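Reader: I'd like to learn how to read packing and side-chain pairing off a model. Can you walk me through it?

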Amino acid sequence: MKITASLRNAYQQQVEGNIQLEKKVRALLQGLSKKEWHYEGRQKKIESFALKVESIWGGDPRSLEDFFACTLVVRNSSEIDEAIEKVCEKFEIQHQRPEKRDFTKKAPSSFIFDDLRLYLKIKKNPSLRPDPIDDIIFELQIKTYLQHAWTIATHDLTYKTDDISWPKARVAYQIKAMLEHAEVSIKEIDKIAASPELHKKNDEIQDLLSLKEILEELWLKEDLTENIIGLTKNIQTLLKALNLSPDQMKLMIVEATSNGKGVRIKDLPPYLIILQTVIEYRPDLIRKFFAQKRARAMIFVPSEINITSIKNVDETKIVRL
């Protein structure tokens with residue numbers, strides 16, 4: 001692409017300052033971000049710069065507001081307000097697009113790009129010497145992971161391409177519409193889940209809820225993992241393998257606890273306490289499980305678990321540590 005000398009000069013005058021700005025912004029934003037959030041930035045290339053100036057954009061080519069632009073990706077739309085709040089701790093918003101988040105000029109049938117873009121300056125620190133790069137405006141897009149995924153997957157198909165194609169653009173925006181629907185569903189999942197059509201349970205979920213209630217009844221909260229779903233699923237799998245109901249398990253744990261074991265054991269997690277209790281109170285169930293002629297009939301039994309009450313069990317079916 002042929003680029004005039006005047007445009008090249010305008011471009012080069014902004015390169016060094018924006019490189020320094022990017023380093024500073026990256027450090028500030030990464031310090032504000034949650035570990036689940038994602039940051040990335042880019043400097044505008046000279047051809048993109050020239051096309052922007054030629055697009056009747058109307059700004060000053062010598063101070064392009066998105067010469068340096070970056071993106072902060074959050075998990076879902078419910079975290080966008082939190083991200084804006086954090087950004088405002090270190091940056092000053094000069095303006096934003098769209099101007100209002102609750103108003104759009106798009107038709108309902110339109111799914112063109114309209115992700116939130118903030119145009120920012122770094123907040124000045126009065127205790128430090130003024131830094132010229134703090135006066136440079138840059139663009140920050142705040143997106144969800146679904147919005148970001150769409151941008152990455154379709155950017156070269158719909159934006160920077162030598163193939164002008166109505167069908168490709170049509171498919172890309174159909175996908176955007178589906179992802180927007182998914183985004184709304186994620187944000188409003190509690191409301192949607194409460195609808196009569198979905199407010200149901202099945203046997204597996206009922207079992208998991210029963211196990212969760214039992215665990216929370218017998219153990220202190222600090223003795224349970226944060227991933228209560230994972231724990232209940234592991235226990236559910238064990239009980240099904242042993243043909244043992246949650247209520248039968250509960251009775252055994254209660255009896256073991258009254259005898260000074262059960263939940264009184266503090267050096268084992270709940271899953272292994274249940275396993276140890278079953279081994280002691282119903283070793284026949286363990287033997288029956290291992291007697292099954294199944295290649296994958298194995299169970300994890302760490303060295304902290306006493307298995308002396310289990311006799312005549314194929315040791316190759318026990319995973320020991």
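Predicted model: local features only at pLDDT ≥ 70, side-chain atom pairs only at ≥ 80, totals over all residues.

Reader: Okay, then which elements do the buried residues of H10 pack against?

Author: They pack against H7, H8, H9, H11 and E6. H10 itself is mostly covered, with 10 of its 12 residues buried. Among those buried residues are Pro 270, Tyr 271, Ile 274, Leu 275 and Ile 279.

Reader: Now the cores. How many residues does the largest nonpolar core have?

Author: The idea is to take buried nonpolar residues and join them through side-chain atoms within 4.5 Å. The largest core here has 32 residues, and Trp 219, Ile 235, Leu 244, Met 249, Ile 274 and Leu 275 have the most contacts inside it. The elements giving two or more residues to this core are helix H7 (203–218), helix H8 (228–242), helix H9 (246–258), helix H10 (270–281), helix H11 (283–291) and strand E6 (299–301). H10 provides the largest share of this core, 7 residues.

Reader: Which residues is Leu 275 in contact with, leaving aside its neighbours within four places in sequence?

Author: With those neighbours set aside, Leu 275 touches Leu 238, Ile 286, Ile 299, Phe 300 and Val 301. There's also a second, separate core of 23 residues, which includes Tyr 39, Ile 84, Phe 91 and Ile 142.

Reader: On to charges. How many salt bridges does the structure hold?

Author: The general idea is that side chains of opposite charge can pair when their charged atoms come close. This structure holds 18 salt bridges. Take Lys 24 and Asp 131: the closest N and O atoms of this salt bridge are 3.9 Å apart. Lys 24 sits in helix H1 (residues 5–32), while Asp 131 is in the loop between strand E4 (116–122) and strand E5 (138–144), so to speak a link between distant parts of the chain, 107 residues apart.

Reader: How accessible are Lys 24 and Asp 131?

Author: Lys 24 has 30% relative accessibility, so it counts as partly exposed. Asp 131, at 29%, counts as partly exposed too.

Reader: And is Asp 66 buried or exposed?

Author: Asp 66 is buried, with a relative accessible area of 8%. Its side chain meets that of Arg 42 in a salt bridge, at 4.0 Å from N to O. Asp 66 lies in the loop between helix H2 (46–54) and strand E2 (68–74), and Arg 42 in strand E1 (residues 38–43), 24 residues apart. At 32% relative accessibility, Arg 42 counts as partly exposed.

Reader: What about Arg 62 and Asp 60?

Author: Their side chains form a salt bridge at 3.1 Å, N to O. Arg 62 is exposed, with a relative accessible area of 58%, whereas Asp 60 is partly exposed at 30%. For a network of salt bridges, look at Lys 34, Arg 75, Glu 79 and Glu 82, which are linked in one.

Reader: Which residues form an aromatic cluster, and which residue lies over the face of Trp 150?

Author: Tyr 11, Phe 49 and Phe 67 form one aromatic cluster. Over the face of Trp 150 you'll find Lys 176, at 5.5 Å from the ring centre.

Terms used
Residues numbered from 1 in each chain as written. Heavy atoms only, no water. Helix = DSSP H or I, 4+ residues; strand = E, 2+ residues; numbered from the N terminus. Buried < 20%, exposed > 50% of the residue type's maximum accessible area, 1.4 Å probe, protein only. Phe/Tyr/Trp six-rings, centres within 6.5 Å; stacked < 30°, edge-to-face > 60°. Lys NZ or Arg CZ within 6 Å of the ring centre and 35° of its normal. Contact = heavy atoms within 4.5 Å.
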